[in-house]
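Take a look at the model below. This report walks through it step by step.

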Amino acid sequence: MNVLTQNFQLYGDGFLGTLRLTVYSSLLALALGVVMAGFRVAPVGALRGVGTAWVAVLRNTPLTLLFFAMLLGLPRFGVALPFELFAVLALGCYTSSFICEAVRSGINTVPLGQGEAARSLGMTFGQTLGTVVLPQAFRTVIAPVGSTLIALCKNSAIAGSFSVTELLSTYKTLNENGYSVLWSFVWIALGYLILTLAISALFHFMERRWGAAR
Amino acid sequence: MTARRSPQARSSAPPAASALYDVPGPRTRIRHFCYGVLTVLALAALLGWVVDLLVGTGQFSAVKWRPFSYVGIQELLLRGLGNTLKAFAMAAVLALALGAVLAAGRLSDHRPVRWVSTVLVEFFRAMPVLVMIFFIFVALQVQPLPALVAGLTLYNGSVLAEVFRSGVRSVDRGQREAAYALGLRKTQVMTHVLVPQAVRAMLPTIISQLVVALKDTSLGFLITYEEFLHAGRLIAINMDYTMPFIPIVLVISAIYIGLCMLLSWFATWVSRRERRSVKAGRSGAVRVAPAEAGSAMPGGSGIR
């Protein structure tokens with residue numbers, strides 16, 4: 001217990017760091033993922049190709065490799081950003097490929113008639129997708145997106161090893177100061193549990209509110 | 001996730017038509033063509049910019065690529081790749097075994113066994129795999145390889161346990177009842193009737209989870225396990241070779257992504273074959289939701 005009370009500041013910083021990483025990367029991943037899902041069902045072949053390639057490459061890239069390449073590689077081209085921003089970019093791009101697949105399969109669950117009805121009203125592709133299909137897809141996509149974001153939160157632990165302030169990296173300082181390793185990890189684990197449970201509660205709530213059984 | 005657009009609609013119409021847009025007329029076709037050209041131009045510009053950046057900073061100069069022809073460097077890289085594959089093989093085998101044990105525990109008729117396995121599965125799925133690896137590495141003071149393999153095994157084993165369990169539960173109830181009616185014992189029903197069908201149906205998901213394990217072996221880099229990335233870093237920080245960092249990243253990324261893609265592609269192939277054979281009625285017994293191949297994310301199944 002005293003490991004937590006004596007290092008509350010350190011744990012708090014780490015917790016907030018993980019929270020910041022999770023929130024910003026989630027927003028980036030959601031935005032990119034929805035755009036890429038739109039590309040993947042677009043009538044233009046080249047756009048479909050972009051979406052497919054984006055998903056195929058990023059989904060098969062180890063996240064550590066992405067961090068490695070981004071945080072150590074980009075600075076050599078004079079791209080100097082704060083480490084945290086690099087981490088958000090890496091996490092966001094990586095997760096966006098999973099969001100894209102979730103949204104795309106959500107689009108596939110919307111009954112064909114919906115799209116056909118929209119078209120017969122004379123709607124364009126953008127209108128059909130934006131005002132008819134995506135809002136309905138959103139209802140079935142809540143659960144898979146929720147578990148993807150939980151995974152993002154857990155994956156953010158990797159950022160700590162690339163000198164970003166976050167929860168897991170607090171163990172190093174504690175270890176150097178001679179605190180019990182076991183207890184420092186217990187509190188780290190608890191921090192992650194709080195975050196993941198909060199996300200899953202949020203998405204449970206959203207699903208109860210808007211979810212559709214299809 | 002399961003309901004896909006009916007295959008007939010997809011196969012009878014050209015790929016240009018979907019529920020979301022009409023078959024394009026002549027003017028729309030021209031417009032789409034223009035969009036396509038614009039996209040390609042934008043991509044070409046991006047690619048050109050990147051290549052220009054790489055060439056401008058001399059990444060393609062012979063000096064930076066010469067190290068790859070040295071035997072020592074090649075051996076270092078190959079050893080790294082070998083270590084990665086070694087960790088993957090060990091983690092995959094152990095995770096499959098652990099998954100089978102935990103799934104059996106969760107399907108057990110004995111309540112304490114069920115509870116213990118449920119708690120284990122839920123806990124290990126909820127923890128970031130890196131936290132487990134670090135804990136095993138730092139707190140239990142083991143070597144990097146066992147720490148990495150143990151962490152990956154615990155995490156992927158728990159996820160696979162859920163996959164196995166849902167596979168077994170998705171087998172038609174009549175199968176189990178028929179087997180009991182024939183006088184098979186509980187274990188026989190499981191091993192002879194339920195598991196073979198479950199594994200067959202869940203194979204794509206299992207392979208996708210193995211892709212996750214393969215990707216996560218790169219976490220070994222963070223605990224100084226001498227795997228592929230580690231080998232790359234060793235070369236990159238070595239001053240003798242004028243720091244060919246970018247070439248190393250290019251080569252390593254290509255190999256890593258290629259390996260994972262190969263495995264993902266295998267999962268897709270298996271699931272496509274599976275779906276075709278089910279449709280053809282050759283194995284009418286197993287009707288489970290076709291698993292979306294390769295859709296697993298590290299931690300993707302999460303705690304919900």
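Which residues does B:Thr39 touch, not counting residues up to four places away in sequence? The answer is A:Val44, A:Ala46, A:Leu47 and A:Val50. Keep in mind that this model is predicted.

## A residue at the contact

B:Thr39 sits in helix 2 of chain B. Is B:Thr39 buried, exposed or partly exposed? B:Thr39 counts as partly exposed, because it has 19 C-beta neighbours inside 10 Å. A buried residue needs 20 or more.

Now look along the chain. B:Ile206 is 167 residues away from B:Thr39 in sequence. The C-alpha atoms of B:Thr39 and B:Ile206 are separated by 36 Å.

Helix 3 of chain A covers residues 45-59. It packs against helix 2 of chain B at an angle of about 40°. The axes of the two helices are 7 Å apart. Angles from 65 to 115 degrees count as roughly perpendicular, and those under 35 degrees as roughly parallel. The angle here therefore makes helix 3 of chain A oblique to helix 2 of chain B.

Which residues make this contact? Helix 3 of chain A brings A:Gly45, A:Ala46, A:Leu47 and A:Val50. Helix 2 of chain B brings B:Gly36, B:Thr39 and B:Val40. Sorted by class, this contact has 4 nonpolar and 3 polar residues. It has no charged residues.

## The whole contact between the chains

How many residues does each chain give to the contact? Chain A gives 58 residues and chain B gives 54 residues. On the chain B side, helix 2 (26-56), helix 6 (129-138) and helix 11 (245-279) each supply at least two residues. Helix 11 of chain B has the largest share of that side, with 10 residues.

What classes of residue make up the side of chain B that touches chain A? That side divides into 34 nonpolar, 14 polar and 6 charged residues.

## The nonpolar core

The largest nonpolar core has 136 residues. B:Leu130, B:Val131 and B:Ile133 have the most contacts inside this core.

Take B:Leu130 as an example. Residues up to four places away in sequence are not counted here. B:Leu130 touches A:Ala157, A:Ile158 and A:Leu168 in chain A. In chain B, B:Leu130 touches B:Leu219 and B:Leu222.

## Inside chain B

Chain B has 11 helices and 0 strands. Of its 304 residues, 41% are buried. Consider its contacts between residues at least 6 apart in sequence: 74% of them join residues at least 24 apart.

Helix 7 of chain B runs over residues 144-170. Why does its length agree with expectation? At 1.5 Å a residue, its 27 residues should span 39 Å, and its end C-alpha atoms are 39 Å apart. Helix 7 of chain B is also mostly covered, with 21 of its 27 residues buried.

B:Ala103 lies in helix 4 of chain B, residues 71-106. B:Ala103 is buried, because 25 other C-beta atoms lie within 10 Å. Leaving aside neighbours within four places in sequence, B:Ala103 is in contact with B:Ala161, B:Phe164 and B:Arg165. B:Ile257 is 154 residues from B:Ala103 in sequence, and their C-alpha atoms are 31 Å apart in space.

Most residues other than glycine have a negative phi. What is the phi of B:Gln141? It is near 55°, a positive value in a residue other than glycine. B:Gln141 lies in the loop between helix 6 and helix 7 of chain B. B:Gln141 counts as exposed, because it has 9 C-beta neighbours inside 10 Å.

B:Thr224 has a positive phi of about 60°, although it is not a glycine. B:Thr224 is placed in the loop between helix 9 (186-216) and helix 10 (228-236) of chain B. With 10 C-beta neighbours inside 10 Å, B:Thr224 counts as exposed.

## Chain A in brief

How many helices and strands are there in chain A? There are 9 helices and 0 strands. Of the 214 residues in chain A, 50% are buried. Its C-alpha atoms fill a box of roughly 70 × 45 × 20 Å, taken along the principal axes.

Among contacts in chain A between residues at least 6 apart in sequence, 78% join residues at least 24 apart.

Methods: Residues numbered from 1 in each chain as written. Chains lettered and ligands numbered in written order. Predicted model: local features only at pLDDT ≥ 70, side-chain atom pairs only at ≥ 80, totals over all residues. Contact = placed C-beta atoms within 7 Å. Helix = DSSP H or I, 4+ residues; strand = E, 2+ residues; numbered from the N terminus. Nonpolar A, V, L, I, M, F, W, Y, C, P; charged D, E, K, R; others polar. Core = buried A, V, L, I, M, F, W, Y, C linked by C-beta atoms within 7 Å. Buried ≥ 20, exposed ≤ 12 C-beta atoms within 10 Å, placed from the backbone. Expected span 1.5 Å × (residues − 1). Axes fitted to C-alpha atoms, helices over the stretch in contact; angles between N-to-C directions. Parallel < 35°, antiparallel > 145°, perpendicular 65-115°, else oblique.
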